[in-house]
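Me: I would like to go through a structure with you, one topic at a time. Could you start with a helix?

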Amino acid sequence: MQILQVLLQLLLLVVGFVMLVKGADWFVDGASKVAEIFGIPQLVIGLTIVAMGTSLPEAAVSTSAALKGSAEITIGNVVGSNIMNILLILGITSVISPLAVQLSTIKYEIPMVIGASVLLAGLGLLDTTVGRIDGIILLLGMVLYLAYLFKMAKKGQAEALENEETAGAGNNSGKKDSIIKQVLLILVGAALIVFGSNVTVDAATELALIFGMEERIIGLTIVAFGTSLPELVTSATAAIKGKADIAVGNIVGSNLFNLLFVVGIAAVITPVIYEQKFLADTIVCIASAVLLWLCVLRTKKLKRSGGTILLMCYAAYFVYLMLN
């Protein structure tokens with residue numbers, strides 16, 4: 001009976017990975033083509049549609065936890081996911097293929113992640129709770145971030161329009177059909193990514209339990225990694241396809257979305273306890289963003305050497321988790 005159960009979970013694991021890979025493929029293709037059609041910089045698409053789409057598992061877990069009265073899960077979910085996004089996912093992605101980083105990402109977006117992480121720590125340490133007022137402050141930060149992205153998108157569209165006028169008008173009917181097709185690709189791809197990550201995490205967790213792994217270890221490894229699988233698969237796929245802006249934008253945008261929107265919404269639903277043990281994790285979260293910024297500051301590229309440093313730091317953090 002146990003052999004059949006193992007075979008079933010292995011089958012589900014394979015099915016989950018297939019959904020993840022195919023979903024990410026369609027998602028990246030659709031998002032990059034929408035960017036081309038509308039003249040929106042690919043970085044903006046990475047920071048918005050791709051980032052929010054791949055952050056759906058974190059958003060779902062945190063919102064559901066808040067509604068069920070388990071809001072303390074939110075901080076650990078978001079901070080842990082953000083650490084993994086930078087150190088592990090960008091580390092793996094840049095080892096696969098070095099990532100060029102836009103000047104705006106170095107000057108504005110990465111510092112925004114650092115600032116939002118510091119803001120969360122400050123709000124939490126003030127009274128050991130991220131309350132409803134704090135949640136509103138975080139959501140206002142999200143509104144300001146979206147305004148910044150809107151400004152970037154308008155600038156990109158204006159430049160694309162100039163190029164289009166120089167080249168001459170294209171076929172509007174064909175363009176409309178293409179937009180519908182690409183939006184469908186994005187939606188189906190996002191659904192496959194989220195559903196695939198759930199199937200993969202559930203199957204891996206069941207296998208771990210069958211083989212006697214402790215639930216604590218499962219939570220710190222398989223489940224934490226599982227909620228970040230969409231970011232990993234999407235960023236790796238984007239890097240392989242040469243869409244570095246989407247790969248980096250996905251992680252930076254996801255982290256900002258997690259800090260400002262996910263925690264903000266959860267805190268507005270019900271006050272979120274900021275336990276003392278989260279301080280060390282939040283410091284690691286801030287340090288991860290600072291390290292990423294330092295790795296790309298001079299070269300404007302996250303090289304394999306930088307990716308290796310990020311991975312080594314995640315390994316050190318993982319050892320710290322296991323010992324505490």
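Reply: Helix H5 bends by about 30° at Glu109, and a proline, Pro111, follows within four residues. The bend at a residue is the angle between axes fitted to the seven residues ending there and the seven starting there. Helices are DSSP runs (H or I, at least four residues), numbered from the N terminus. The model is predicted: local features need pLDDT of at least 70, side-chain atom pairs count only at pLDDT 80 or more, and totals for chains, interfaces and linings use all residues. Residues are numbered from 1 along each chain as its sequence is written, and side-chain values use heavy atoms, with hydrogens and water left out.

Me: How far apart are the end C-alpha atoms of H5?
Reply: They are 37 Å apart. This agrees with the 36 Å that the 25 residues of H5 (residues 103-127) should span at 1.5 Å a residue, because the expected span is 1.5 Å times one less than the number of residues.

Me: And what follows H5?
Reply: Thr128 follows H5, and its phi is positive, near 60°.

Me: New topic. How many salt bridges are there?
Reply: The count comes to one, where a salt bridge is a side-chain nitrogen of Lys or Arg within 4 Å of a carboxyl oxygen of Asp or Glu. The side chains of Asp29 and Lys241 form this pair, at 3.2 Å from N to O. Asp29 is in helix H1 (residues 2-38), while Lys241 is in the loop between helix H9 (229-240) and helix H10 (244-269), 212 residues apart.

Me: What about Thr93?
Reply: Thr93, in helix H4 (residues 72-96), is buried, with a relative accessible area of 0%. Leaving aside neighbours within four places in sequence, Thr93 is in contact (heavy atoms within 4.5 Å) with Leu99, Ser235, Ala236, Ala239 and Ala247.

Me: And Asp281, buried or exposed?
Reply: Asp281 counts as buried, at 13% relative accessibility. This residue is in helix H11 (residues 278-297). Beyond its neighbours within four places in sequence, Asp281 is in contact with residues including Val79, Ile83 and Tyr317.

Notes:
Helix = DSSP H or I, 4+ residues; strand = E, 2+ residues; numbered from the N terminus. Buried < 20%, exposed > 50% of the residue type's maximum accessible area, 1.4 Å probe, protein only.
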